Amino acid sequence: MTQSIPAERVFIGLGTNLGEDLERNLRKALDAIGTLPGTEVVCVSSFLSTEPWGATDQPRFLNAVAEIRTRLEPLALLEELKRLESELGRVPTYQWGPRAIDFDIILYGQRVVDLPGLRIPHPRYREREFVMQPLREIAPELAG
């Protein structure tokens with residue numbers, strides 16, 4: 001069946017710093033994203049080991065950025081990503097605290113979204129080298 005809604009080019013930031021195998025956490029998360037309805041993972045940056053941002057008294061993170069194509073609208077995508085975080089073992093702690101997995105919608109096509117709980121482009125992505133370095137790798141035209 002052909003979908004009439006065109007897929008949007010979306011960039012998702014991923015991060016993890018809890019568990020025995022951080023690379024495995026990211027790979028499972030990427031596989032899970034690929035199972036979302038109308039969604040395909042197009043490419044993924046290299047994995048980048050980084051110092052924690054915000055709350056610094058915690059283990060190092062492993063981060064990446066994935067380019068996906070999706071037919072999900074921004075709020076539906078956010079809901080699905082939050083569901084996946086929970087399924088992949090994320091337990092709410094405190095702002096910028098340790099986590100098994102974290103997804104952030106960095107860019108969603110050319111859209112600007114400003115809703116409670118969802119701002120696109122992500123408001124601080126240009127301040128975060130753990131987002132900018134992977135984004136430069138897979139989409140240099142968007143990273144400036």
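Trainee: Let's start with pockets. How much space lies in the second largest pocket?
Mentor: About 190 Å³. Keep in mind that this is a predicted model.

Trainee: Which residues are closest to the centre of that pocket?
Mentor: Of the 13 residues lining the second largest pocket, L107, Y108, G109, Q110 and L142 are the closest to its centre. The elements giving two or more residues to that lining are β1 and β5.

Trainee: And how does that lining divide by class?
Mentor: Eight of the residues are nonpolar, two are polar and three are charged.

Trainee: OK, now the largest pocket. What volume does it have?
Mentor: About 740 Å³. It has 31 lining residues, and the closest to its centre are R99, D102, D104, H122 and R128.

Trainee: Which elements give two or more residues to that lining?
Mentor: Those are β1 (8–16), β4 (61–70), α2 (74–87), β5 (102–108), β7 (118–120) and α3 (129–138). β5 gives the most, with four residues.

Trainee: How many charged residues are in the lining of the largest pocket?
Mentor: Nine, along with 14 nonpolar and eight polar ones.

Trainee: Let's switch to helices. What can you tell me about the span of α2?
Mentor: α2 has 14 residues and reaches 20 Å from first C-alpha to last, close to the 20 Å expected at 1.5 Å a residue.

Trainee: Which residues of α2 are buried?
Mentor: P74, L77, L78, L81, L84 and E85. They cover an arc of only 125° around the axis, which puts them on the same side of α2.

Trainee: Why would residues spaced out along a helix point the same way?
Mentor: An α-helix has 3.6 residues a turn, so residues three or four places apart point the same way.

Trainee: Then what does the face turned away from the buried side of α2 carry?
Mentor: That face carries the exposed residues E79, S86 and E87.

Trainee: And what do the buried residues of α2 pack against?
Mentor: They pack against β1, α1 (22–33), β4, β5, β6 (113–115) and β7. While you're at that helix, look just after α2, where G89 takes a positive phi of about 100°.

Trainee: What about α1, which of its residues are buried?
Mentor: N25, L26, A29, L30, A32 and I33. Seen down the axis of α1, they fall within an arc of 160°, so they line one face of the helix. The elements covering them include β1, β2, β4, α2 and β5.

Trainee: How far does α1 reach?
Mentor: Its twelve residues reach 17 Å from first C-alpha to last, close to the 16 Å expected at 1.5 Å a residue.

Trainee: And α3, what's buried there?
Mentor: F130, V131, M132, P134, L135 and I138 are buried in α3. Their cover includes β1, β2 (39–44), β3 (48–50), β4, β5 and α4 (140–143).

Trainee: How far is A143 from L84?
Mentor: They are 27 Å apart in space, C-alpha to C-alpha, and 59 residues apart in sequence.

Trainee: Change of topic: where is the cis peptide bond?
Mentor: A cis peptide bond joins I120 and P121, with omega at about -5°. P121 lies in the loop between β7 and α3.

Trainee: Last one. Where does A7 sit, and what does it touch?
Mentor: A7 is in the segment before β1, and it counts as partly exposed at 35% relative accessibility. Not counting residues up to four places away in sequence, A7 touches R69, T70 and R71. A7 and E23 are 16 residues apart in sequence and 28 Å apart in space, C-alpha to C-alpha.

Terms used: Residues numbered from 1 in each chain as written. Predicted model: local features only at pLDDT ≥ 70, side-chain atom pairs only at ≥ 80, totals over all residues. Heavy atoms only, no water. 1 Å grid on protein atoms, 1.4 Å probe; cavity = no way out; pocket = protein on both sides within 12 Å on 5 of 7 lines; lining within 4 Å. Points joined across faces, edges and corners; volume = space filled by probe spheres on them. Nonpolar A, V, L, I, M, F, W, Y, C, P; charged D, E, K, R; others polar. Expected span 1.5 Å × (residues − 1). Buried < 20%, exposed > 50% of the residue type's maximum accessible area, 1.4 Å probe, protein only. Arc of directions from axis to C-beta. Contact = heavy atoms within 4.5 Å.
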